[in-house]
Amino acid sequence: MRSTAAAVAMTITELAARRRLHSRTEVSAWIADNGVYLGLLLLVLVNLVLTPRFADLDNIRLQFVQVVPVAVIALGMALVIGTEGIDLSVGSVMAISSALLALYLGYGPLVAIAIALAGGALVGMVNGLLVSRFGIQPIVATLALLVGGRGLALVIAQGRLTEVFDPTLGWIGSGQVLGIPIVVLVAGAVALFVTILVARTTFGRYVVAIGGNPGASFLAGVPVRRTLLSVYILSALFAALAGIIQTSRLSAADPSFVGSLIELSAITAVVVGGTPLTGGRVRVLGTLAGALLMQLISATLISHNLPDSSTRMVQAVIILGAVYIQRDRSA
Amino acid sequence: MSTVVRVPDRPPPAMTSLDEAERAATRRERLAGTLQRNGAFVVLVIVALLASLLFGTSFASTDNFLNVLEASSFLGLVAVGMTFVIIGGGIDLSVGSMLALSAVLAAYGSQYGIVVAVALPLAICGLLGLLNGVLIARAGMPPFIVTLATLLFARGLAFAVSNEGNKIFHIDETLAVIWLGQGSILGIRVPIVIAGLAFALGWLVLTRTRYGISVTAIGSSEDAARLMGVPVARFKTVMYFVSGLLAGLAGLLVAARSSSGQSTIGTGLELQAIAAVVIGGTLLTGGSGSIAGTLAGVLLLNVINNVINQVGTLSSYYQQVVSGVFLITVVLVQRYLSREQRL
């Protein structure tokens with residue numbers, strides 16, 4: 001009896017507290033939604049004032065080119081996180097695609113690219129099957145592929161760094177169309193594709209529905225398994241694409257290092273961009289802004305001669321800050 | 001004499017055949033449960049027996065056995081902390097970076113004497129673990145992100161202390177702290193003894209104390225645990241604090257073992273630890289798991305490494321492939337068994 005009364009009293013206090021916080025919650029909700037753009041704007045302004053030659057076309061181009069692999073992977077990751085999943089294997093998929101590309105380059109660049117993408121898709125399919133058919137938690141399933149995939153990439157490449165000289169790949173890596181680097185155009189195309197997917201297709205609705213409540217989605221007739229499978233294949237395909245881009249840019253396939261820890265950068269970009277880890281929401285533009293924000297932070301610190309170590313620490317603080325702001329909404 | 005109305009919990013005798021089937025199902029369920037809990041041990045024994053048959057004394061010798069144990073001890077320390085965190089429904093990605101940070105700090109601190117060499121890394125790692133705990137338990141932030149940030153931060157700090165990884169601090173061989181990594185007690189190397197103690201203590205705490213049982217309750221249902229009067233926030237904070245502290249201890253031992261502190265070690269260790277815990281039968285969803293299973297998981301990973309090293313022709317890359325395949329297999333089997341249990 002007493003406990004019931006206490007519970008009621010607690011609820012009343014809670015409600016009162018919540019009403020008082022109402023206006024504050026609105027503000028913080030706005031910040032949670034748009035904080036990433038605000039941060040990006042602030043950073044650009046700071047750089048315009050402090051960093052010499054920041055607004056140079058070359059520098060802007062460089063920043064965009066450097067963010068491409070993370071941005072492309074983050075877009076796939078956003079879809080996965082939208083279903084309340086996670087894909088830790090993307091870095092290893094990059095390595096596999098890079099190793100396959102180098103291995104099959106003898107058959108011509110297009111064949112090699114196709115095989116690299118197919119290899120990535122295959123890994124994605126394994127991820128997707130483990131998660132959708134066997135009900136294994138995404139973090140464990142993709143962790144296994146992270147460990148095994150990197151090993152597989154090293155086996156394919158026999159652990160060696162292979163230099164890749166090919167005119168087509170060279171063109172992809174450093175070519176430009178109308179002054180815009182081709183890799184940036186590719187990333188733009190991927191972003192457009194994901195935007196349409198999320199905003200305009202049934203598939204996009206399914207993704208968000210599954211992330212919101214998988215049980216209810218299943219009962220409502222959403223093809224949960226098929227959607228999950230597709231999402232993991234897409235994520236791996238984008239990672240393979242990022243592997244191809246990175247290999248073309250560096251003119252080398254280095255399976256022991258390419259894409260190492262990129263899963264963390266991609267997850268960071270997604271979360272900073274306002275997609276909650278609990279799923280049910282996918283923000284494409286926010287994800288891109290998140291990737292760009294993290295890229296600009298490290299570029300800013302490096303251009304002011306701050307070492308790599310402080311870059312990491314600042315990134316850590318920013319991740320915590322971004323998630324702390326978003327925390328209010330879920331409460 | 002009070003009359004107790006017994007509610008029949010079994011169907012009436014007329015339905016014997018159904019009863020029989022039910023009992024068989026219960027038996028199967030129990031067997032599946034036992035296998036899920038001890039599967040890692042069974043596999044460990046099988047792998048070890050096969051390796052003994054294949055390689056003879058080069059595998060099955062006391063020396064090699066002790067080597068496997070020593071190699072396991074660093075991962076083992078980290079995995080004990082991780083087991084508690086995962087049973088409590090969380091995850092700690094920061095342990096690998098913490099280990100590196102601790103090793104660097106231990107080597108750096110050794111210039112100022114043994115007390116600093118031991119206290120500095122433990123204090124800093126404990127503090128970072130505490131920070132993890134407070135942000136997760138008090139501020140309600142997701143463990144995955146918080147410990148991801150600590151992963152970055154600790155690695156950054158390790159690099160900052162060691163001049164961007166260019167400076168490798170060495171520990172003077174005459175300093176007593178070296179004993180922690182290279183000394184032995186009754187012929188057994190100190191890291192093995194320390195890790196063994198950690199496992200024993202972890203098992204005791206998990207199964208025999210209010211804290212351990214509360215952690216399991218928190219992992220099953222945080223709300224229910226709170227309603228039962230478990231101090232959820234405090235216990236969760238302790239969980240991450242201990243995990244950080246154990247990672248720090250492991251780093252200290254690694255530094256003492258190699259007489260130096262390098263900022264690049266321990267990358268991916270968090271994933272290895274998670275893999276060991278999961279292979280050991282602890283569910284990532286929290287609420288169930290065992291320290292003994294984790295011990296089997298850690299040993300299994302290291303025995304596999306050892307076996308692959310014995311096969312000289314296999315490149316070390318296969319090690320990763322085998323580990324990955326192994327993790328999937330174990331999880332699939334566990335998944336199958338726990339489904340059986342629910343029937």
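What share of the 343 residues in chain B do buried residues make up? I looked this up and found 51%; a residue counts as buried if 20 or more other C-beta atoms, placed from the backbone, lie within 10 Å of its own, as exposed if 12 or fewer do, and as partly exposed in between.

**Ground rules.** I am working with a predicted model, in which local features need pLDDT of at least 70, side-chain atom pairs count only at pLDDT 80 or more, and totals for chains, interfaces and linings use all residues. Residues are numbered from 1 along each chain as its sequence is written, and chains are lettered from A and ligands numbered from 1 in the order in which they are written.

**Chain B.** I noted 13 helices and 4 strands in chain B; these are DSSP runs numbered from the N terminus, helices being H or I with at least four residues and strands E with at least two. I then took the extent of the C-alpha trace of chain B, which is about 80 × 55 × 40 Å along its principal axes. The radius of gyration of chain B is 23 Å, close to the 20 Å from the globule rule for 343 residues, so chain B is as compact as a globular protein of that length. That radius is taken over C-alpha atoms, and the rule is 2.2 Å times the number of residues to the power 0.38. Of the contacts in chain B between residues at least 6 apart in sequence, 77% join residues at least 24 apart; a contact means C-beta atoms, placed from the backbone, within 7 Å.

**Where A meets B.** I found 38 residues of chain A in contact with 38 residues of chain B. On the chain A side, the elements giving two or more residues are helix 6 (138-156), helix 12 and helix 14 (308-330). Helix 6 of chain A gives the largest share, 14 residues. I sorted the residues of this side into 25 nonpolar, 9 polar and 4 charged. Here Ala, Val, Leu, Ile, Met, Phe, Trp, Tyr, Cys and Pro count as nonpolar, Asp, Glu, Lys and Arg as charged, and the others, Gly among them, as polar.

**A:Thr268.** I placed A:Thr268 in helix 12 (residues 262-272) of chain A. Why is A:Thr268 classed as buried? The reason is that 27 other C-beta atoms lie within 10 Å. Leaving aside neighbours within four places in sequence, A:Thr268 is in contact with A:Met294 and A:Ile319. I also checked A:Leu288, 20 residues from A:Thr268 along the chain, and the C-alpha atoms of the two are separated by 11 Å.

Conventions:
Contact = placed C-beta atoms within 7 Å.
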